[in-house]
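Keep the viewer open as you read.

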Amino acid sequence: MKRASSRLLLTLLCGFFLSTAAGAERLLIPMDLQQRNHLKAYGLAFWVLEREIEVDWLLNYRGGSFAIQAHDLIAQEARIRGVSFEVISEADLARIYAQIDAGNMDVVRLEKAPRMAVYTPPNAQPWDDAVTMALEYAGIGYDKLWDEEVLAGRLDDYDWLHLHHEDFSGQYGKFYQSFRHEPWYQEQQRLYEVQARQLGFTKVSEQKKAVARRIYDYVVGGGFLFAMCSATDTFDIALAAQDTDVADSVFDGDPIASDAQQALDFSRTVAFENFTLETNPLVYEHSDIDTTPKDARLIRTAEAEYFTLFEFSARHDPVPTMLTQCHTNVVNGFLGQTTAYRKSLIKDHVVLLAEVEGTDQVKYIHGQVGRGTITFYGGHDPEDHKHHVGDPPTQLDLHRSSPGYRLILNNVLFPAAKKQERKT
Amino acid sequence: MMTKFLCGVCLCLVNTAFADSRTELMDSVAVLRRDDNVAAAAEHLRAWIGAHPQDPEAHVLLGQFLADGGDHAEALQVWRQFLDSRPVDVIRYGNVARRLQAAGLVQEAVELLEEGSGRLDKTDPFAWQRAELLLILQDWAGAVEAHRSFLRQEPHRRPFVVNRIALLARGAAAEVPNPISGYVEALAAALDDVSGAERVALTVLLAWCALETADPEFGLHVLKQALDTGDVVRLALFQYASRCEQVGHTEVAARAYGLFVETSPASPLATRARLKEAQMLALSGDVDGAIVLYREMSAGDAGQSAQAMLRVAHLQASSLKDPAAALKTLATLDQLPGGNQLRTELLTLRADCRLRLGQTAAAIADWQQLARIPASRADAEFGLAELSFFTGQFDSASAFIDSLVSRQPSHARANDALALLLLIDEFADANEALAVLGRARLRERQGLRDQARADRQWLLQHAPAGLRHVSLLEDAVFFEQSAPDRALALYALVAADEPSERLSVSAMLGQARLLENAGQTEAALRTYESTVLTAPLDPRTPDVRRHIARLRTLLGDTG
C-alpha cells in the first residue's frame, strides 16, 4: 500500500514536470541564516532525490542552498518538516546562476539518493551515535549492518557506509580501566566473543581485522565511507596490524605481539601513517593519532575549542567544497574518544577539511581510496562537548541549525552528486 | 662477595633468556591461533609447560586453546590441575570460572568455585560469582545459598542482591509466571532453617524480592509475620511501604503504613506514616477511609490537626465533590496556626468552594485576603479575573490579568490568564455572548450542567462564529472521555467552519488526538500534517511536527 502510494506520487510528480517543463518556478531552499531548520533541509533534499527528482546543490551560494523544481507536494512536505523555502522564477534562478558564475561558487546536480547503511552493533550501548541521530532527525532512512552482514558481503548493496565509535583493534574501546566491572562492558565483551566464534574466528581482534579488510575492499570498489570518533583511527590501526597482534591479554586472552609496533604496515592504511600504538591496556587511548588532551585540566569549552573549515575552489574541488558547506566556517569543538587527528601522521594524499587553528590538530579529513572515498570526522557529538558514557541523547530539535551536524549531513548528500574528477 | 655478585649475574642471564624464549613462544602461539591452528598452539604450550610448570599464564592459555578447539574435558582437567597445584588464588579461580562460563560449562564453573571455597577455611570469596552462575542455571536454591554466604560476609550489601533480583525479574517480566519467582520460593523455603540475625536479614530480603517480582502482598505478609523479631523488621516495614508507594502499589502501601503505625506508635516516623496511609487510601479510591484517618489525626497537636483537617476539606471538595462539607470543615480552622503556607491553602480552597456554591462576595473576600500575602498575589488575581469574567465584568478581568502578567509573566497561571485576555479582546464587540459563555463556565464549575447546557445552546444560535466555536471546543473537551465519537464530531465541525487559525488548530489537534487514541494512526498523521499546512506559524507547530515525526516512524511512512 505504501509502495503503491509512493509510486502514485512519483507518477504525479513526473507528470507535473513533463507538463510544466518550460517556464516552471523553482523552490530555493536557502541554507544561510534564513533557514529555520538546516538539518531537516538535508532530509527534504534526500526525500526529493528518493522520488527520482534532481536537486541542484548551489555550492557556496547562501550557505550551500538547494534548488528544486517547484511543486505543491514538495512545498507541502517542506512546510510539514519546517524547512524554509522561497519560490523563485526561472528568471530569478538565471540571475542566481550568473552570480554563481561570477564567484567561488558552483552548481552540483544531485541525481539519486544513495543507499545508506550504518555499521552498528545489535546490543544497546550506553552512548549515542550522532550520525544515526542526525539521519533520524532529518528523516533519512538507513539500514543497520553488523559484522555478520559485512562479512557476508552485504556492503555491496549500499553506496554509503557510516562507522561510529567502533573499535576495530579489538580492544573494546579501551574502556578496560574505567568500565571493566560494568555490566554493559562485560556483556559487550561476551557478545563480541560469542559472535567471533560463531563467525569462525578464534578471537574478536582477528574478526574485527577481517571486518576492517572487508570495509576497505568496499571503499576501494567505489563505496563512500564516513566515520567518526574512534572508528576512524582504529580502522587504520586494524588495517596496519593485519599481520600482528596489538591487543593485550585482557582483551583477547593472549599477550600483544612483542614486535607489534614494528610489524605495522602503513601501506595498507587509508588516512594515517607512522603512528605509535598505545599498548598499555589501562590507558584510554589507541595510538598517538588522536589529540584528545590527556590532562582533563586542559579541556576547555566547546566555544574555546572551536575549529575552522578550509575554503576550497568550488569549481576545482567540488567534493571538499560539498563536504564543508555550512553557514559558518567556525564550528564549536567537541570531544570524543578520538577528538582530532595529529597533522604530522596524516598521509599526504588526504585532504584536510577543518583544523584547530594554530595547533597540529585536524578535525575533518577526506581522501580518495581506489574508486571510493573516506571522510573522517573527529569527536563524538557535535552538540555535546564532553559526551560521557551513559549521558542522555542530544535533542536535535534544540540544535536545528547545528554547524557540526551539518558537516555530517553534507556527507550523506555528497554521494548523490554526479561524479566529477578532482582537479587539485 | 664476589660469589654473590656472580650468582646475581647468572640469575639475571637466566631470567633474560626465560623472558626471550617466552616472548617467542607467545608470538608463535598467537600466529598459530590466528591461523586457526589451535591444536599446534596447544602443543607448543604443553611443551613449554613441561619445562616451565610454574608459568601460570601458559596453563590458563593452554586450557583456553583446548576449550576453543572443543576439547572441554581436557581444558577442564588442565585448569583444575593448575589451580589444585598451588595455594588458592582468588583472581585465577574467578578468571578460570569466567572462561568456563564463556565455553558454556556453567555447571563446571560452579563446581570449580565450590572447590575453591572448600579449600579455604572460613571465607567464601566466590559467593557472588557462584550466585550469578547459579542464577543462569536457574538453580534457585543454590543461588539463595550463595547469596546467603555472600551476605554473611557482607551483610550491608543486601540492596545489591535485591537490585540484582529486581533486574532479572524486570528482564523476564513478559514471562508468566515470572521465572524469578522460583528464587523467591527458594528464599522462603530457606527461612525455615535459619534463626537470629540471619533470619531477620533473610526476611527483609524475601519481602523486597517478593515486591520486585510483583507480589507485594506476599512481601507484606512476610514482614507482618516477623514483626516480633525486633526494630529492624519494623523499620524495614516503613521502607517497604515507601517502596510500594513509589512503584504504584498504593493499596498495599496504605496497609503497610498502617501496620507500621500500629506496631511502632512511638516512632518519630509514626505521624508521617499515618499521613501517608491516608494519602494512599485516597489514591486507591477509599476516600471515606482517608477522611476517617485524617479526622483521627486532628486530635493531635494544633499544627498537625490543621493540616489533617485541610486535607479532609480537600478530599471533600475534590473527590467527594461536596464544597459545602468542605466549607464546614474549613470553618473549624478559623484560628489557623502556622505560617502563610497553611493560610494560603485554606483561603484558596475556601474561595473555590464558595465560588462553587454561588457565594461570590465571600469568594471575593477570600481572594482579597489572599492577595495580601505577597507569594499568593498572582493566584488571587487569577481567581478574581476568572470571577470577573464569569460575571461579565470584562474590564475588571482584564485589569487583574494585566497586573498578573506584567508582574509575574512566568507564573504558572500566566498562560491561562493570557488565554482569557485573548478571548476578551477578540470578542470585545460581542459582550452579550461573551457574558453567556462566562456564565456557562461558571455554571459548569458549580456543577449546574443543565443550566450550562442551556447557555451553550443559546451560544450556538446567537453567538458570532468564533465564540460559538470556542463553546463547541469546550464541549468537545468535556466529552473526550465519556463520548469520544461526539467529541470527534464537534472537533470536525469546528475545524471545517472556523476561519481563525488558532481555533481551527485546536480543533484539528483534538481530532488527531482522538483518532490516535481510537487506533486510527494514519488518519491522525494526516490530520497533524494538515494542521501544519493550515497554520505553519501557530506556536503549537513544533509540537505538531514532533507528533508527525513520531507517527511517521511508527507507520514506516516517509511522507
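Predicted model: local features only at pLDDT ≥ 70, side-chain atom pairs only at ≥ 80, totals over all residues.

Residues are numbered from 1 along each chain as its sequence is written, chains are lettered from A and ligands numbered from 1 in the order in which they are written, and side-chain values use heavy atoms, with hydrogens and water left out.

Across all chains, a search of the whole structure finds 31 aromatic pairs. Rings of Phe, Tyr and Trp (its six-membered ring) pair if their centres lie within 6.5 Å; planes under 30 degrees apart count as stacked, over 60 as edge-to-face and the rest as tilted. A:Phe266 forms one such pair with A:Phe275, an edge-to-face arrangement with 4.9 Å centre to centre and 75° between the planes. A:Phe275 is buried too, at a relative accessible area of 0%.

Next, turn to A:Phe272 and A:Tyr341, whose rings make a tilted pair, 5.1 Å centre to centre with 45° between the planes. This pair links distant parts of the chain, 69 residues apart: A:Phe272 sits in the loop between helix H11 (249-252) and strand E10 (307-309) of chain A, and A:Tyr341 in strand E12 (residues 341-342) of chain A. Helices (H or I, at least four residues) and strands (E, at least two) are DSSP runs, numbered from the N terminus. A:Phe272 is buried at 0% relative accessible area, and A:Tyr341 is buried with a value of 0%. Elsewhere, ring pairs join a cluster whose members include A:Tyr119, A:Trp146, A:Phe168 and A:Phe251.

On a 1 Å grid over the protein atoms alone, a cavity is a set of points where a 1.4 Å probe fits but cannot get out, and lining residues have an atom within 4 Å of a point. About 50 Å³ of space lies in this second largest cavity, where grid points are joined across faces, edges and corners and the volume is the space filled by probe spheres set on the points. Which helix gives the largest share of its lining? H9(A) does, with 3 residues.

Now for the nonpolar cores, sets of buried Ala, Val, Leu, Ile, Met, Phe, Trp, Tyr and Cys residues joined through side-chain atoms within 4.5 Å. The largest has 162 residues, and those touching the most other members include B:Tyr183, B:Leu205 and B:Trp367. Helix H11 (residues 196-212) of chain B gives the most to this core, 10 residues. Apart from it lies another core, of 67 residues, among them A:Trp57 and A:Ile74.

Finally, look at the backbone. A:Asn60 has a positive phi of about 65° although it is not a glycine, and lies in the loop between strand E2 (55-59) and strand E3 (65-69) of chain A. At 29% relative accessibility, A:Asn60 is partly exposed. B:Lys321, also not a glycine, has a positive phi of about 50° and counts as exposed at 63%.

Methods: Buried < 20%, exposed > 50% of the residue type's maximum accessible area, 1.4 Å probe, protein only. 1 Å grid on protein atoms, 1.4 Å probe; cavity = no way out; pocket = protein on both sides within 12 Å on 5 of 7 lines; lining within 4 Å.
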